[in-house]
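Please open the structure in your viewer and keep the selection tool at hand. The tour below moves from one selection to the next and says what is found at each stop.

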Amino acid sequence: LLRDPLAPAAASAEEADAEVMVSRDFGSLCYNIGVMYLRAREGTTRFLGALMVYLWHNPHEFDQNVFEGFLGQRNLSNPAFRSPFEDASAVLRWGILDPMNAFVTNTVYHPGIEGWTGELEGIVVYHFLDGSGGVDEGMAYR
């Protein structure tokens, strides 16, 4: 069912000319950092180092929100939040791993979308963890 994710992730990074590839929830634009591909490059090292330092001094309930903020993709509500990189793209190039079929999550968080439309043979990584920290009784599995 599943296979080694290195070759497909590296190919995705090569195609996107990216140093960092992150997964995304199927059906939404929320990045899911449960699956990441990182190239060993100076920009990646600086970016992740700054992210870890920031999270050490500013703990957050959902660390992937801070990750999105560092990429300039989320405006965090904390007015003290400031990415050390005014333009993350100047520090590192990043892209999205295929959330539709290859790098999939177990839950669809967008209320207007239901189900999964990929092909079982195309799954590379199936991310089981729901990091929301709670259970929505209306969406819970039975």
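**A cluster of rings**

Begin by selecting Phe47, Tyr54, Phe67 and Phe70, which ring pairs link into a cluster; rings of Phe, Tyr and Trp (its six-membered ring) pair if their centres lie within 6.5 Å, and planes under 30 degrees apart count as stacked, over 60 as edge-to-face and the rest as tilted. This is a predicted model, in which local features need pLDDT of at least 70 and side-chain atom pairs count only at pLDDT 80 or more, while totals for chains, interfaces and linings use all residues. Residues are numbered from 1 along each chain as its sequence is written, and side-chain values use heavy atoms, with hydrogens and water left out.

By the ring rule the count comes to 3 aromatic pairs. One of them joins phenylalanine 47 and phenylalanine 67 edge-to-face, at 5.7 Å centre to centre and with 85° between the planes. Phenylalanine 47 lies in helix H2 (residues 42-57) and phenylalanine 67 in helix H3 (residues 63-70), so the pair ties together parts that are 20 residues apart in sequence; helices (H or I, at least four residues) and strands (E, at least two) are DSSP runs, numbered from the N terminus.

**On to the strands**

Next select strand S1 (residues 20-24), where 4 of the 5 residues are buried, that is, under 20% relative accessible area with a 1.4 Å probe, protein chains only. S1 pairs with strand S2 (residues 31-38) in the antiparallel sense over 5 bridges, pairing being assigned if DSSP finds at least two bridges between two strands. Within this pairing, methionine 21 has tyrosine 37 of S2 as its bridge partner.

Terms used:
Buried < 20%, exposed > 50% of the residue type's maximum accessible area, 1.4 Å probe, protein only.
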